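This briefing covers one structure, topic by topic. Please look through the sequence and the model before reading the points below.

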Amino acid sequence: MKSNQLKAGVFLSYLQTGIGMLVSLLYTPIVLRLLGQNENGVYQTAASVISYLSLLSLGFGSSYMRFFSRYRTNKDEEGLKKLNGIFIFVFGLAAVLSLAAGLVLSSAPTVVFGNKFTADETALAQKLLVLMAVGTAVSFFDSVFNMYVTAHERFVFQNIVGIVSTVLNPLLTLPLLLSGYGAVGLTSVSVVLTVLRLAVDVVYARRLGMKIVLRSPDFALFKEIAVFSFFILLTSFAGQINSTIDKFLLARYIGSASVSVYDVGAKFNSYLMMLSVTVSHVFVPRVNNYVAENKSDRELTELMTRVGRIQFYIMALIFGGFVLVGRYFIGIYAGDGYDRSYNIALYLMGAALIPYCQNIGIEIQKAKNKHMFRSVAYFIIALCNIAVSIPLIRSMGVSGAALGSALALIVGNVIAMNIYYKKGVGLDMDSFWRSLLRPIASAVIAFVPCFTLAHFWQVDRMGRFITVGAVYVVLFAASAWFVGADNYEKKLVKNIVGKRVK
């Protein structure tokens, strides 16, 4: 059953990601035009600020799987009940604090956003902060039940719920936007869907037999989780800085419109990230089980390599295609005034290409309780990102913000982490990189002739956009099959195609 859940989970994860991207590609341009650059910029800035409230979970969320695997391996039902009780308490407290923080932040908008917003933009930002804080509080409660479902590897249920939520969001939001409710309507729908998701997860988790013990808490267990989670919290804080600081700085130094331009470019990087985590997410329980069962570093390396190669094909295909036709696509996607979004997307996507192929390595670190170095390194890099981004924004404008984040990502996530994977975690990174040589070669073989074609036959109309894109996809598929793919990957494709044919 677990094997079927994993296979179906991978398929449904990609289906959900595909539907999510399709909905976003169709829905976002409408939102951009209905809100306008300034209101969208205020919305994105408020979302960036409120996202820091996720740190109130104290990093506990990422530690649940590790301790759940331990108790399940030892068949300790009482320990599982107390574990659930500890997490309910921590996330309940986080929910209360997030509501309080949202009210405090909304009461001092000038301190939070600076003085570049107009009076109307400031008033809107205050409303959004309160609504988003409510949504964050509800999501904290949902986290515990959602993690329990994930720990039981019920990926089919989770992805179906995710697909329904993805489709419902624009269907409920668009009427409100067309009626003039703007960013407030957009945020309100998100809060309602979060509440519904909580209700569904609670019912399903209870059906799986989730039991919670709040009395007689295990303080020794709480202390162990807290120590483990502290470094995850540090990593989360650093990640939050790297992912949101650009919008915050742009709002303070330039204004709301620049945030909207940056967000459009960053959105394409988020699509790339969604595709990356789609596969790695369903392997999180397996990684923790491997470590709990004392599997060897060689087996962990093989898992990371197998998943990483598949992720690379997907990342390289999307990134290469964006380089070729992305500038034209952004023009028809976002409309006038978003030309600089193309360079922003290139900086962010290019720097993230390798880290997105190594997501399993992060889970291996956490499962082996060797994530402390990553936490400290990311925190230092995040501070450097701020120091570098401010002068770059002043000299280059909105593109400078993306360049600063890209440089931080390369130094921290690529160089430092690959050294640590080998020296600190015990993974065979030489083998990992050797395994990527043929996939990289296949990607280059497909990209170079298409880049030459696009250079001399500029993609500035729909016919050329479709032609260059189609030629690239065909060349990439052929090159990946004949140059890059190994026997395991070819067998995987044949099995999928064979089942489809039947």
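Is Ala 443 buried or exposed? Ala 443 is buried, at a relative accessible area of 12%, where buried means under 20%, exposed over 50% and partly exposed in between, computed with a 1.4 Å probe on protein chains only. The model is predicted, so local features need pLDDT of at least 70 and side-chain atom pairs count only at pLDDT 80 or more, while totals for chains, interfaces and linings use all residues. Residues are numbered from 1 along each chain as its sequence is written, and side-chain values use heavy atoms, with hydrogens and water left out.

**Ala 443 and helix α16**

- Ala 443 belongs to helix α16, residues 429-456; helices (H or I, at least four residues) and strands (E, at least two) are DSSP runs numbered from the N terminus.
- Not counting residues up to four places away in sequence, Ala 443 touches Phe 312, Ala 316 and Phe 476, contact being heavy atoms within 4.5 Å.
- Ala 443 and Phe 312 are 131 residues apart in sequence, and their C-alpha atoms are 9.5 Å apart in space.

**Arg 309 in helix α11**

- Arg 309 lies in α11 and is buried, with a relative accessible area of 7%.
- The side chains of Arg 309 and Glu 489 are joined by a polar contact of 2.5 Å. A polar contact is a pair of N or O atoms within 3.5 Å; within protein, one must be able to donate a hydrogen and the other to accept it, and residues adjacent in sequence count only if both atoms are side-chain atoms.
- A polar atom of the Arg 309 side chain also lies 2.3 Å from the backbone oxygen of Ser 435.
- Beyond its neighbours within four places in sequence, Arg 309 is in contact with Ser 435, Leu 436, Pro 439, Gly 484, Ala 485, Asp 486 and Glu 489.

**The second largest pocket**

- The second largest pocket holds about 420 Å³ of space. On a 1 Å grid over the protein atoms alone, a pocket is an open set of points where a 1.4 Å probe fits, with protein on both sides within 12 Å along at least five of seven lines; lining residues have an atom within 4 Å of a point. Grid points are joined across faces, edges and corners, and the volume is the space filled by probe spheres set on the points.
- Of its 16 lining residues, Leu 25, Ile 318, Gly 321, Phe 322 and Phe 329 are the closest to the centre of the second largest pocket.
- The elements giving two or more residues to this lining are α1 (2-50), α9 (256-282), α11 (297-334) and α17 (462-484).
- Helix α11 supplies the largest share of the lining, 7 residues.
- The lining has 13 nonpolar, 3 polar and no charged residues. Ala, Val, Leu, Ile, Met, Phe, Trp, Tyr, Cys and Pro count as nonpolar, Asp, Glu, Lys and Arg as charged, and the others, Gly among them, as polar.

- Helix α2 (residues 64-73) is mostly covered, with 7 of its 10 residues buried: Tyr 64, Met 65, Arg 66, Phe 67, Phe 68, Ser 69 and Tyr 71.
- Lys 75, which follows α2, has a positive phi near 55°.
- The 12 residues of helix α12 (residues 341-352) should span 16 Å at 1.5 Å a residue, and the end C-alpha atoms are 17 Å apart, which agrees; the expected span is 1.5 Å times one less than the number of residues.
- Among the buried residues of α12 are Ser 341, Tyr 342, Ile 344 and Ala 345.

**Other positions**

- Leu 392, in helix α14 (residues 372-396), is buried at 16% relative accessible area.
- Leaving aside neighbours within four places in sequence, Leu 392 is in contact with Gly 397, Gly 400, Leu 403 and Gly 404.
- Gly 331, in α11, counts as partly exposed at 37% relative accessibility.
- Asp 120, in helix α5 (residues 119-151), is exposed, with a relative accessible area of 67%.
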